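This briefing is for a reader meeting the structure for the first time.

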Amino acid sequence: MKRLFALLTLVSISYFIKGQSLIQSGPMNGYSEMREALVWVQMKEASDVQLVYWWDSIPTQTYVSSVVRARSENAYTAHLLADRVEPGRKYGYRILANGKSQTEGEEMYFTTQTLWQYRMDPPDFTIAAGSCTYVNEAAYDRPGKKYGDNFQIFEKIADAQPDMMLWLGDNTYLREADWFTKTGIIHRYTHTRAIPEMQRLLRSTQNYAIWDDHDFGPNDADRAFPHRDKTLEVFKLFWANNGYGAHELGGITSAFQFNDIDFFLLDDRWHRTASDVVTIPAQIFGDDQISWLIELLKYSAAPFKIIATGGQVLNDAKVYENFSNYESEREKLLNRIADEGIKGVIFLTGDRHHAELIKVVHKGMLMYDLTTSPLTSGIHKSGDEGTTNRVEGTLFLEHNFALLHVSGPRNKRELKLQLMDKDGEEVWTHTIKASEW
């Protein structure tokens, strides 16, 4: 009888384990366009993965993506393409692994962009943004006080129901054990991405990302980091942007349009030199990336042109890795924006472990720089840095994220900047009107 009981128990446990989901983390909604969208997921083991999706108005008519093999070489990740979609629709979906549903009973959806041009005013929508996500792992953390905290902030972002989330770099923190091998880099990404508090945000809105030093390499890493090819490969495995390294620029540089707003994702690491280098020109972006940006900005008809990059651009305090330490290149960039008469430029930045809004008029041209940081990593508690161009009352020294609300008719768009604390409570707001330019 005891032997029979043990056998039945073993069978029950085996059945329970087999019935568990094979999903390690996600799914995550990646980029969304009018005619296709991408969904990302990471599995626990080698699997044949597919996306089943349907327009929520006709749930009985389903579509199935091509099979993607999740395997150890790609960190068991799968990028699943929904390419039988129409503009402006909400699609429910589920994940199949080896032909079996892994997400039964869970509400998951993505939304395709609206075809508004020549038909209507562009939709009102909300962008969430944040930077600096540190997730503790005792075996690899430095001794002492835990550096990561307040992980409920991801739940609060999800509660705000943004239409997209823009991750502004340091989205994970590579550590000494991680820097030099693909194995270590994958471990760090996998560990960060799997925290329970993040999952609802990943699957409930479209996610886009840039990187900064901690997901590029060691602290303050620049283009000399010898393993940047590995960190770039893993960044591409774990994010789902619509392209990387635009026009052979390398790194993660890209751009996309969301409704009527243009977004420019700049790489502040791939081309960066040390600021105190004396035998070559010091740079962050490099001439080719700046020229690419200027030409796209000049072409853009968007009322607000949002330039996302890891570190502050407009802060005039020469501290840490601010662009002000790279005077010549910073002047070149701002001069070209002004000389070309490019209106509506707003830099969206992270890195600094505090939040603030910077406002500058350069050669008669208005520009803003919204910094939102950190999400969960350590907080910058230093005093006055000598910043002269901060909008009064916007410095915030606690965990935070930002919401950017775009609203109004096509020719009268407004951008409401809303800084939120770790509990999802408003800290301050500032409204920018397209008519300011």
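Helices (H or I, at least four residues) and strands (E, at least two) are DSSP runs, numbered from the N terminus. The model described here is predicted, and the points below are grouped by topic.

**Pockets**

- The largest pocket has a volume of about 970 Å³, and among the 36 residues that line this pocket, Arg142, Tyr147, Tyr173, His214 and His353 lie nearest its centre.
- Sorted by class, the lining of the largest pocket consists of 11 nonpolar, 12 polar and 13 charged residues.
- The second largest pocket holds about 450 Å³ of space, and of the 23 residues lining it, Tyr109, Thr111, Pro162, Asp163 and Ser204 are the closest to its centre.
- Strand 9 (109-111), helix 2 (153-159) and helix 4 (196-204) each contribute at least two residues to the lining of the second largest pocket, and that lining divides into 7 nonpolar, 10 polar and 6 charged residues.

**Enclosed cavities**

- Rolling a probe the size of a water molecule over the atoms shows where empty space is left.
- The model contains 3 cavities of 30 Å³ or more, and the largest cavity has a volume of about 70 Å³.
- Trp167, Asn171, Thr172, Tyr189, Thr192, Arg193, Met198, Asp215 and Trp239 line the largest cavity, and helix 3 provides the largest share of that lining, with 3 residues.
- By class, the lining of the largest cavity is made up of 4 nonpolar, 3 polar and 2 charged residues.

**Nonpolar cores and a packed helix**

- In soluble globular proteins, nonpolar side chains tend to be buried together.
- The largest nonpolar core has 102 residues, and those with the most contacts inside it are Phe154, Trp167, Leu333 and Leu404.
- Apart from this core lies another one, of 21 residues, which include Met43, Tyr53, Ala78 and Tyr91.
- Once its neighbours within four places in sequence are set aside, Leu333 is in contact with Phe285, Ile290, Leu293, Ile294, Val313, Phe323 and Phe347.
- In helix 6 (residues 228-238), the residues Thr231, Leu232, Val234, Phe235, Leu237 and Phe238 are buried.
- The buried residues of helix 6 pack against strand 1 (23-32), strand 2 (37-43), strand 6 (77-82), helix 3 (182-193), strand 12 (206-210) and helix 5 (213-216).

- Thr372 is found in the loop between strand 18 (365-371) and strand 19 (400-407), and it counts as buried because its relative accessibility is 0%, where buried means under 20%.
- The side chain of Thr372 makes a polar contact with the side chain of Asn400, at 2.8 Å.
- Leaving out residues up to four places away in sequence, Thr372 touches a set of residues that includes Ala129, Ser131, Leu168, His354, Phe401 and Leu419.
- Thr394 is also placed in the loop between strand 18 and strand 19, and Thr394 counts as buried because its relative accessible area is 3%.
- A polar atom of the side chain of Thr394 lies 3.1 Å from the backbone nitrogen of Leu357, while the residues Thr394 touches, not counting those up to four places away in sequence, are Ala355, Glu356, Leu357 and Trp428.
- Thr394 and Thr429 are 35 residues apart along the chain, and their C-alpha atoms are separated by 8.6 Å.
- Thr273 lies in the loop between strand 14 (261-265) and helix 7 (287-299), and Thr273 counts as buried because its relative accessibility is 5%.
- Without counting residues up to four places away in sequence, Thr273 touches Asp222, Arg223, Ile280, Pro281, Ala282, Gln283 and Tyr326.

**Backbone details**

- Most residues other than glycine have a negative phi, and most peptide bonds are trans.
- A cis peptide bond, with omega about 0°, joins Gly26 and Pro27, and Pro27 lies in strand 1.
- Another cis peptide bond, with omega about -5°, joins Ser373 and Pro374, and Pro374 is found in the loop between strand 18 and strand 19.
- Tyr76, in the loop between strand 5 (68-70) and strand 6, has a positive phi near 60° and is not a glycine; with a relative accessibility of 26%, Tyr76 counts as partly exposed.
- His353, in the loop between strand 16 (345-349) and strand 17 (356-362), has a positive phi of about 65° although it is not a glycine, and His353 is buried, with a relative accessible area of 13%.

Terms used: Residues are numbered from 1 along each chain as its sequence is written. This is a predicted model: local features need pLDDT of at least 70, side-chain atom pairs count only at pLDDT 80 or more; totals for chains, interfaces and linings use all residues. Side-chain values use heavy atoms; hydrogens and water are left out. On a 1 Å grid over the protein atoms alone, a cavity is a set of points where a 1.4 Å probe fits but cannot get out, and a pocket is an open set with protein on both sides within 12 Å along at least five of seven lines; lining residues have an atom within 4 Å of a point. Grid points are joined across faces, edges and corners, and a volume is the space filled by probe spheres set on the points. Ala, Val, Leu, Ile, Met, Phe, Trp, Tyr, Cys and Pro count as nonpolar, Asp, Glu, Lys and Arg as charged, and the others, Gly among them, as polar. A nonpolar core is a set of buried Ala, Val, Leu, Ile, Met, Phe, Trp, Tyr and Cys residues joined through side-chain atoms within 4.5 Å. Buried means under 20% relative accessible area, exposed over 50%, partly exposed in between (1.4 Å probe, protein chains only). Contact means heavy atoms within 4.5 Å. A polar contact is a pair of N or O atoms within 3.5 Å; within protein, one must be able to donate a hydrogen and the other to accept it, and residues adjacent in sequence count only if both atoms are side-chain atoms.
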